[in-house]
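Please report on the charged and nonpolar surface patches, the strand pairing and the salt bridges of the structure shown here.

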Amino acid sequence: MKKRIVISIHILVISVFFVCPFAFAADTEISYSQYHAAGMENAPAGVIFAEGKDAAEQIGGKAAYVIPEGSSRSFTFSCTEEGWYRLQLTYYPVEGKALDIEYGVMLDGAAPFSESNYLTLNRIWKDDNAPGEKKDAAGNDIIPGQHEEREWITVFACDHTGIENDPYCFYLTEGEHEVSFASKRETLVLAEAAWCNPPQIPSYDTVSAMYEQNGWKDAGGETIAIEAEITYRKSDTVLYARTDRSSPLTTPYSTRETRLNTIGGNSWATQGQWIEWEFEVPADGLYYLSFRARQDILSGSFVTRKIYIDGEIPFTEFANVKIAYDPDWQIIDLPQAVFLTTGRHVLRMEATIGELSELVSIITDSVYQLNSAYRRIVMMTGTTPDIYRDYSLEENIPEIFDIFSGQIGVLEYCDTLLEEKTGKRGSMNSTLQTLRNQLEDFCEKPETVQKRLSTYKDNIGALGSWLVQIRQLPLEIDRIYIRGTAAPLAADAEAGFFAQIGHEFDMFISSFVIDYNVIGTLDTGKTSRTIEVWVSAGRDQANIIKQMIENDFTPATGITVNLKLVPGQLMNATAAGVGPDVVLQLGNSEPVNYAVRKAAYDLTEFSDFEEVAARFRESAMVPYQLEGGVYALPETQTFSVMFYRTDILNELGLEPPETWDEMFYVVGRLQRKNMTVGIQPPNSAAGSYQALSTMAMLLYQRNGEMYLDGNKRSGLSSLEAKEAFTMWVSLYSDYELPVKYDALTRFRSGEMPVVIEDFTFYNLLQVAAPEIRGIWSFTIVPGTPDEEGNVNHSVSGTGICTMMLADADDKDAAWTFMKWWTGAGTQTEYGRNIENQLGVSARYPSANIEAFGNMPWSAAELAILDSQWYCVKGIPEVPGGYFTARHLNNAFRRVINNREDPGETLLDYVKKIDEEITTKRKEFGLEVSE
């Protein structure tokens, strides 16, 4: 019964839309699923509206329209037949920041659906050399570099977020229209654009009949084997060769050396990503496609690939090749034959959401609706409602029960659909069932909603995580086989019992003879200078550094680098006299601690230090200074910005606050609706920066200082510090901002539409909250105006650094390495490599000013970050400075918990801070404050 109701509602929506499709088009906030609810009833022939006739430039041999980042261009055209059209573009990826090109489409002055604001065009990448061609001194394969192939590419505008499987459709009425293209990231270069529809892909039955009619025969015993890691081209730099040691059948094979022998896995998990392989066919005939693959990540579901031969999908079955979950390797043997002529061919596999697109589209809308219902409940009850009070929700906000009843049917339909598509019930179904059962209880017992509000919020969060998971399309491939009917498979999926035992035993023995800490090239005696560098990052990052050293630093300088992955052992090694020459990715509090113990080298001793220091903001150097010396160079620098939900602020008629008075007004308006603002409270367990960031922001905006007298005593006894501290604690006592919260969850749900967080929070939102894409933004933090009306937006900053040890044998060689590592070119390459391999969540916040500008930020985003970065002030690191974070936290807790006087409490703890600073300065023989 419920299913019939859902279907009836769906038909009603479709009918309304079909009668008047542009009833939705005027609202740019509607989703594509709402816009295209009527389906595609007709497919007119199409019209070309941009073909270079009035283009001013020649690029790649064609007349081209160039639309720089941040600008737009419009075209007018006449449509002779009303209907649904696809948008086809011929574009050229010119040199830029090596990002995918992001653009928006406006039709007759408005975005027809929200997703049309965020369309993406891929670049084409190629390995510099085949994996395994280059090896380091230990015999390990070196991951090849990648370069971009520039050529004209023709594609349809489509979804790259993992919701829609087919290209987007746009509804055109008969008559004159205007279409506009806005370049949002990178430069958009077009040679031709057209409204048209692609030809229908035939079924295999139709193609097979054609094979028989033409008399085409099987290829017999011919087999073509392709090592999957040796690619022809690809759409993304994250699609690089990887290493698998789980099976002796994975080729090339070694238990001792690193062999690049597979491709894909987690990196090949986004809709639209594709990999191409080229191969030679020895004779005309019908061939079958098989590949050894592993899909061991998406439990309870499957992943899908589109398969192209020479740029075309030969039949519908190749548009939807499903690979089920299996923890082991499996042989995927496709039963359809493809006719191939003698000579060169190109095989492409493209990640696609496939049959799950309907499910993902429905759940995406469901998450938004359920979050909307949650916010409306919170506006009435608050986030911690009184469980003994009857809020009469069914009378005061009856619309939430309409949402609940509607979503019960939606979730039931999706649960059934998922079971139909996967052929079984699994862990993916349980999330849908749990939330559906809760919604049923809410509808039957409305008075229990406030009692279970926290559980409801958790279940929505679980559904959002479910949505992120099911949109992932991971697949790892070892080998591809193109074979005739009579040809057997060249390998099994998994090794036999004894072969696997032998493999595991060899792996065990190898663990005793291989130094897994060594990442870089070993000293081979071919160079006269060698330095040892330690890095504490992950192995992926260390491998990138290793590759850059081998490809760039050592050939240019003749200095060999022994790079080692050694986390957390620096202090012990230094005390024992066996430490490295240089350490990378060190916390910003460490250099001063080593310097006061004479264990770090003063970099100002080098004649070109000032030239090198000019690469960074002055604020980035502050934590590494001690008594006139500088003991490290910054690698990264991060700082706070303000994130806000544009949809919620617009709904309430609010603007992002520019001053703290405006912030207090926004806080008041939000709290009337039982929403709130997130401002970082102290957390000494998370490090001194987290403990001090908000206090430092308020202090520096009043032109106060954290330390005085050359950092010999605390500056928190000043009037500015007292005012800043009083305001800080009032945020949580008077305005009742939460002292503990999960910023991602509460920002995602809309419960906390404004948060002040480190700008790397952007990376987290891009990956973990795709359902709110396009309805959030960020800007500089609220500021404090001075007597002349100038607004001070200062914040503190933090980061990681590279330090030279005082015991370094060849200090000039170590300094040469540090200069190379912190240079603009090296930092840019490292940042791009990290993001290319690990995704946007790993976007690198380089402290080098030039390199930061080369990172994959849009022009608008970079302008905001630059504005805030200009206002960053560094917090000095001083002997005994750990007491500052600790006692500010203590003072904060005393005022909040015991309602003590802020000024008196702060002064009590400042005395203890000053005593510790004085004690430590005396201990290390430094001058103390009188």
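## A negative surface patch

In this predicted model, E447 lies in the loop that connects helix 8 (427–444) with helix 9 (453–470), where helices are DSSP runs of H or I with at least four residues and strands are runs of E with at least two, numbered from the N terminus. E447 counts as partly exposed because its relative accessibility is 42%; the classes are buried under 20% relative accessible area, exposed over 50% and partly exposed in between, with a 1.4 Å probe and protein chains only. Together with D390, E394 and E395, E447 forms a negative surface patch. Patches are made of residues with over 30% relative accessible area and no salt bridge, like charges being joined within 9 Å and nonpolar side chains (Val, Leu, Ile, Met, Phe, Trp, Tyr) within 5 Å.

Residues are numbered from 1 along each chain as its sequence is written, and side-chain values use heavy atoms, with hydrogens and water left out. As the model is predicted, local features need pLDDT of at least 70 and side-chain atom pairs count only at pLDDT 80 or more, whereas totals for chains, interfaces and linings use all residues.

## A nonpolar surface patch

F505, F508, I509, F512 and V513 make a nonpolar surface patch of about 550 Å², the accessible areas coming from the Shrake-Rupley method with a 1.4 Å probe. V513 belongs to helix 10 (residues 497–513), and with a relative accessible area of 59% V513 is exposed.

## Strands and their pairing

An open sheet with mixed pairing is formed by five strands in the order 26-25-27-40-30, two strands being paired if DSSP finds at least two bridges between them. Strand 26 (559–565) and strand 30 (633–634) stand at the edges with a single partner strand each, so one side of each is left without a neighbour in the sheet. Within this order, strand 27 (residues 582–587) and strand 40 (residues 800–804) run antiparallel and are joined by four bridges, with V582 standing opposite M804 of strand 40.

Elsewhere, strand 20 (residues 302–309) pairs with strand 21 in the antiparallel sense over four bridges, and V303 stands opposite I323 in strand 21. In a regular strand the side chains alternate between the two faces of the sheet.

## Salt bridges

The structure holds 38 salt bridges, each defined as a side-chain nitrogen of Lys or Arg within 4 Å of a carboxyl oxygen of Asp or Glu. In one of them E355 is joined to K421, with the closest N and O atoms 4.0 Å apart. E355 lies in the loop between strand 23 (343–352) and helix 5 (357–381) and K421 in helix 7 (residues 399–422), so this pair ties together parts that are 66 residues apart in sequence. E355 is partly exposed at a relative accessible area of 27%, and K421 is partly exposed at 26%.

The side chains of K457 and E751 also meet in a salt bridge, at 3.1 Å from N to O. Because K457 lies in helix 9 and E751 in the loop between helix 20 (743–749) and strand 35 (754–758), the pair ties together parts that are 294 residues apart in sequence; E751 counts as buried, at 3% relative accessibility.

Conventions:
Lys, Arg positive; Asp, Glu negative; His and termini not counted. Charge placed at Lys NZ, Arg CZ, Asp CG, Glu CD.
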